[in-house]
Amino acid sequence: MSHASRTAPRICPLCEATCGLTLTIEGTTVTGARGDRDDIFSRGFICPKGASFGGLDADPDRLRVPLVRGEDGELREASWDEAFDRIAARIPALIEAHGPQAVGVVLGNPNVHTMAGSLYPPLLLAALRTRNVFTASTLDQMPKHVSSGLLFGDANAIPVPDLDRTDHLLLIGANPLESNGSLCTAPDFPGRLRALRRRGGTLTVIDPRRTRTARLADRHVAIRPGADALLLAAMAHVLLEEKLTDPGVLAEHLEGADELAVALADFTPDAVAAACDVDAATITALARELAAAPTAAVYGRIGSCTVEHGTLASWLVDVLNILTGNLDRPGGALFPLSATARAPREATPGKAFAPGKGFALGRWASRVSGHPEAKGELPTAALAEEIETPGEGRIRALVVLAANPVLSAPDGDRLDAALAGHLDFMVSVDPYLNETSRHADVVLPPPPPSQSAHFDFAFNSFAVHNQVRYTPAPVPLEDGRMDESEIHARLILAVSGMHGAPPSAVDDLAITTAITKAGAPKELADELTGGSGPERRLDLMLRLGPYGLTLERLLAHPHGIDLGPLKPRVPEILRTRSGRIELLPAPIAADLPRLRRALGDRPAPLVLVGRRHLRSNNSWMHNVVSLSGGSNVCTLQVHPDDAARLGLVDGATVRIESAGGGIEAPAEITDTVRSGVVSLPHGWGHSRPGTRMAVAAAHPGANVNQLLDGTLLDPLSGTAVLNAIPVTVTPSP
């Protein structure tokens, strides 16, 4: 029986760019995907990941029904009721016997790519009352949250570069032509950078690799990995020393400017040049060019975050934007205002905004190593020891939501063993049986993306243009499937002693709580529209948000609503106790001596950095046939000079060793990495038994994180140091 072909819009959930797609659907099968030319944000742009939507959606390895571990220790298919009965019987009993800290929660990156993954985890954490929370943020972006919290009093107040209006863009540790952007939601990032060049603007890239982004730049500075904070500190020093600072209207909102100059006095271009392997004249020129530009923005990402001084580097990115007067002005770096954000505060006439509660670090610490929390999270690198170390408060049960820390966290072998031998119970919400979920006692699979509605709660908060888009599920839910929101709601009920209550009870409670907190009339709940709990909650957030929108209006605009360019928002966004931008927060000042000591460090002969692939997004997209092969391969990139010195041959297998262990990978001899640096991509290592990811297993690659023992962290954020790792490389025997 043939089915007529139709098309439907769908926001792409496969990376942070959030491009609009037009899906071609035959019956209930997605047969094609192209860019949506009418999308108000992406204007038809599409990357290989978006074009592969149908292949990922129909992946035969995706789980379709729950798996439950039987008495023989094997996972078998089960009904949804049996799966939730098992959870309800085990987790509340463990909490009753050992307390809430006996349960740990791990949240992976894919959660922010779905409505359910954004809406329900906070409710789950509230129900469990555990402080043992671990997320992907401490493997990539937590330094930016911490620096923003310390500067502005709000860890989620992250300024983004005004790409479409800036005259000068400086990127450090970022490769958006392949990552599509991160903490900077910008469909067609490549086109926006080319437009910058066409209008006479300047693009500067600081990166140890000559990436696709670096090849587009006016100036590429091949810094020594891990030295980002030193170089940025020296640039700030030049601005202060040469009196090139001009904060403009921000001046009245700044605190600590004089102290900042003293704190950075030792970081002269001459002092940092050797450690950065960038000559002093270049560093000085970078600072002067930044100050001279009519408008400019500094943007740093994962390469500058996942290093020993990641929080200091993230802080200095904004310090440079502040000192040059480019923070919170068009063409600089601004704070987006999403449609579901809390409505802006209004100052009392004639008075300033009231100070906020500020941002605190270390409100509690991990049980074993005493790592301080950051933004309510503990370092993911500490997860294994919290499971395997005996004593009160040991994690005995684990709830893993769309995460694969066996591959994404340091020392996966240790975590693999901890999951296998030290847990009493584990639940995974995951579409795949992967390296982590294979250890679960219950696996709850969400439906494929075509059967789910989509709204970007997180990424709209980092968008380079204010807009709002919502796409209902283009394909009806398949028989036997369960909507992801219902999976999360029933999970919350099961762990909280309310097993058997209707899933709608979770959404009703969330709606009532939000209305009460906002001080809105309770009758508002009766006015909400939408055919599901998530839609009703979205409608409420839109109504309470800064633009006064409704779900009904959003549904009437299937390609989105343009809410205008980013606008200045200081001082309204400030939540510090002083009510000002605190340029030199105490935790930052206390960490600067550690950076100062780095001036005298002797660099290792060879260090390792990661790299991004355009056709991948961490470990969860390696099972799509159309995205495998080509440039998306796990090779160790080595500079020709290093290859000659070490006796390495292109294509031959090499042995890479570091503190955490050793792995093997094919060598790729290329001058796109600077000498003294080797590069291996993240998210590979699909060679463990018991998984059901045939394509990934056929091309497993090497797990770069197995080179790390998990002990090296950025102390302020708890973020694992994944870049600038000393390694040795030898030909494989």
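Residues are numbered from 1 along each chain as its sequence is written, and side-chain values use heavy atoms, with hydrogens and water left out. Because the model is predicted, local features need pLDDT of at least 70 and side-chain atom pairs count only at pLDDT 80 or more, while totals for chains, interfaces and linings use all residues.

**Exercise 1. Find the partner of arginine 469 in a salt bridge, and say which parts of the chain the pair ties together.**

Step 1: Recall that a salt bridge is a side-chain nitrogen of Lys or Arg within 4 Å of a carboxyl oxygen of Asp or Glu. The structure holds 34 of them.

Step 2: For arginine 469 the partner is aspartate 39, with 3.0 Å between the closest N and O atoms.

Step 3: Arginine 469 sits in the loop between strand S18 (466-468) and helix H19 (484-495), and aspartate 39 in the loop between strand S3 (29-35) and helix H1 (48-51), so the pair ties together parts 430 residues apart in sequence. Helices (H or I, at least four residues) and strands (E, at least two) are DSSP runs, numbered from the N terminus.

Step 4: Both arginine 469 and aspartate 39 are buried. Buried means under 20% relative accessible area, exposed over 50%, and partly exposed in between (1.4 Å probe, protein chains only).

**Exercise 2. Work out whether aspartate 671 and arginine 210, partners in a salt bridge, are buried, partly exposed or exposed.**

Step 1: The closest N and O atoms of aspartate 671 and arginine 210 are 3.0 Å apart.

Step 2: Aspartate 671 belongs to the loop between strands S24 (661-669) and S25 (677-679), and arginine 210 to the loop between strand S10 (202-206) and helix H9 (212-216), so this pair ties together parts 461 residues apart in sequence.

Step 3: Aspartate 671 has a relative accessible area of 45%, so it is partly exposed. Arginine 210, at 31%, also counts as partly exposed.

**Exercise 3. Describe how helices H10 and H12 pack.**

Step 1: Helix H10 (residues 228-241) and helix H12 (residues 269-276) meet at an angle of about 160°, and their axes are 9 Å apart. Axes are lines fitted to C-alpha atoms, for helices over the stretch in contact, and angles run from 0 to 180 degrees between N-to-C directions.

Step 2: H10 and H12 are therefore roughly antiparallel. Angles under 35 degrees count as roughly parallel, over 145 as roughly antiparallel, 65 to 115 as roughly perpendicular and the rest as oblique.

Step 3: The contact (heavy atoms within 4.5 Å) is made by Leu230, Leu231, Ala234, His237 and Val238 of H10 and by Pro269, Val272, Ala275 and Cys276 of H12.

**Exercise 4. Locate asparagine 180 and aspartate 411, and describe the phi angle of each.**

Step 1: Asparagine 180 is in the loop between helix H7 (176-179) and helix H8 (189-198). Its phi is near 70°, a positive value in a residue other than glycine.

Step 2: At 3% relative accessibility, asparagine 180 is buried.

Step 3: Aspartate 411 is in the loop between helix H17 (405-408) and helix H18 (412-421). Phi of aspartate 411 is near 50°, again a positive value in a residue other than glycine.

Step 4: Aspartate 411 is buried, with a relative accessible area of 15%.
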